[in-house]
Amino acid sequence: MATETQQGTEAPAASGGLPQFDFQWWPGQIVWFLVIFAIVLLFVRLFVSPRVGGTIDARDGKISGDIADARRLKDEAEAQAAAAAAETAQARAQAQRVAAEARAKAQAEVAARLAEEEAKLAAKGAEAEARIAKARDAAMGNVASIAADAAGAIVGKLTGKAATAAELSAAGRA
Amino acid sequence: MQQPAIQPMEQFMIHKIVSLPTVHIGGLAVDLSITNSILSMMVGAVLLIAFFALTARREIVPNRGQALAESLYNIIDRVLVGPIIGQEGKPYVPYILSLFLIILVLNLMSVVFAIGNLAGFDAAFAVTSQLAITATLAILTFVSVLVLGFIKHGPKFVSLFWVPGMGVFGGAAMVIIEMISYFVRPVTLALRLFGNMLGGHVVMSLFGSFVVALGILALSGGIATLAFVPSALSFAMIVGLTGLELVVAILQAFVFAALATVYLNEVVNFGHGH
């Protein structure tokens, strides 16, 4: 084994302490380590930090942007809902007003028609009464002439002479 | 058959895989050979890059891979840097994230691939249990913060060590204490990660050795067969320790990143909450 042969030569140096204190390996290790560390540092500086850090920042930006968007949309939707509610209330008020107006108009019309009809009926009633009164007067007139006729006939029968028409009508009136 | 010696430190031995020439940087000889430690670092970096290349999609609704990548990013960006430093901490997220990720992947590899050590799999080497590496990370972070402090605030940055309201002598004493506590930071940063990874691996290796040694002893028959019981108990112990080490691996990466963030905060928000 390689280590066995190495040990043969280095055992005296190592036996006094840790192999880490065998200073013949220090310069090479340090130089190589510095070179490798510089490469890692460059890689981290030029690739890892911008790429990984940039992605994390981009994600944070996107998340906060999306939240801001969502909040804005919510506010917008709420404003729209409020506007819609106001519009609905206005429309309802208008509808109520229109309905009330229509009702009032209809009632007024009905009242006018009613009044008209009543007036018509009253006129008809009055006409009818007038006709009745006329008819009664005519009838009453007829009754007088019938009575005069009847009285003339009775007088003629009783006296044998015809009474004058004036006498008869006076008698009838009496 | 000879019983294998219990060598919990053997796993930290470095050996060459590919020999490369030695260069001299400022009089210091640097052997650029690829060792098992360096191979593990490379595998870790490749795993890290491959993971993010495959999972870093731009979807608003992430899948599991993308969610994991984003969680790792958020641990640094929104758990550490955001609350501790604030908006001015944004430019430093890549550095803290790189610290966290490289420590995390190397810690996790050393635990998850630990079985590879038995098979001589070189990429299972525990890189973060090398003091050379944890000290490099700690000093790199400490010096970067210090340099940034002087760039941003100039000489008045040294007033960091002055505690107001203590008088001249009290203040001078506090300067010494504050300076000690300040310059001990890279040491504690380096030793904390190193010690945690080292200890965990040593303990796991010890229990692993017990499983094998006691198992071999039990196979010799007779009364020694009873040794199967502690062997099995040691195995159960390894299972539990592996879970614990996974937690430690993640926690230590987080702790390193958190402390780096706290130190950075003193510089970025200098004079504010001081």
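**Helix packing and the nonpolar core**

Of the 17 residues of helix 6 of chain B, 0 are buried, so this helix lies largely in the open. This is a predicted model in which local features need pLDDT of at least 70, side-chain atom pairs count only at pLDDT 80 or more, and totals for chains, interfaces and linings use all residues. Residues are numbered from 1 along each chain as its sequence is written, while chains are lettered from A and ligands numbered from 1 in the order in which they are written.

User: What makes residues 167-183 of chain B a helix, and what is its reach?

Analyst: Helices are DSSP runs of H or I with at least four residues, strands are runs of E with at least two, and both are numbered from the N terminus. Helix 6 of chain B has 17 residues and reaches 23 Å from first to last C-alpha, close to the expected 24 Å. The expected span is 1.5 Å times one less than the number of residues.

User: Which residues of helix 1 of chain B are called buried?

Analyst: A residue is buried if 20 or more other C-beta atoms, placed from the backbone, lie within 10 Å of its own, exposed if 12 or fewer, and partly exposed in between. Those in helix 1 of chain B include Gly44(B), Ala45(B), Leu48(B) and Phe52(B). Their cover includes helix 2 of chain A and, from chain B, strand 1, strand 4, helix 2 and helix 3.

User: What makes up the largest nonpolar core?

Analyst: A nonpolar core is a set of buried Ala, Val, Leu, Ile, Met, Phe, Trp, Tyr and Cys residues joined through C-beta atoms within 7 Å. The largest has 67 residues, and Ile76(B), Ile96(B), Leu99(B) and Phe100(B) have the most contacts inside it. Helix 3 of chain B gives the largest share, 14 residues.

User: Which residues does Ile76(B) touch?

Analyst: Contact requires C-beta atoms, placed from the backbone, within 7 Å. Not counting residues up to four places away in sequence, Ile76(B) touches Val81(B), Val93(B), Ile96(B), Leu97(B), Phe100(B) and Ala257(B).

Key: Contact = placed C-beta atoms within 7 Å.
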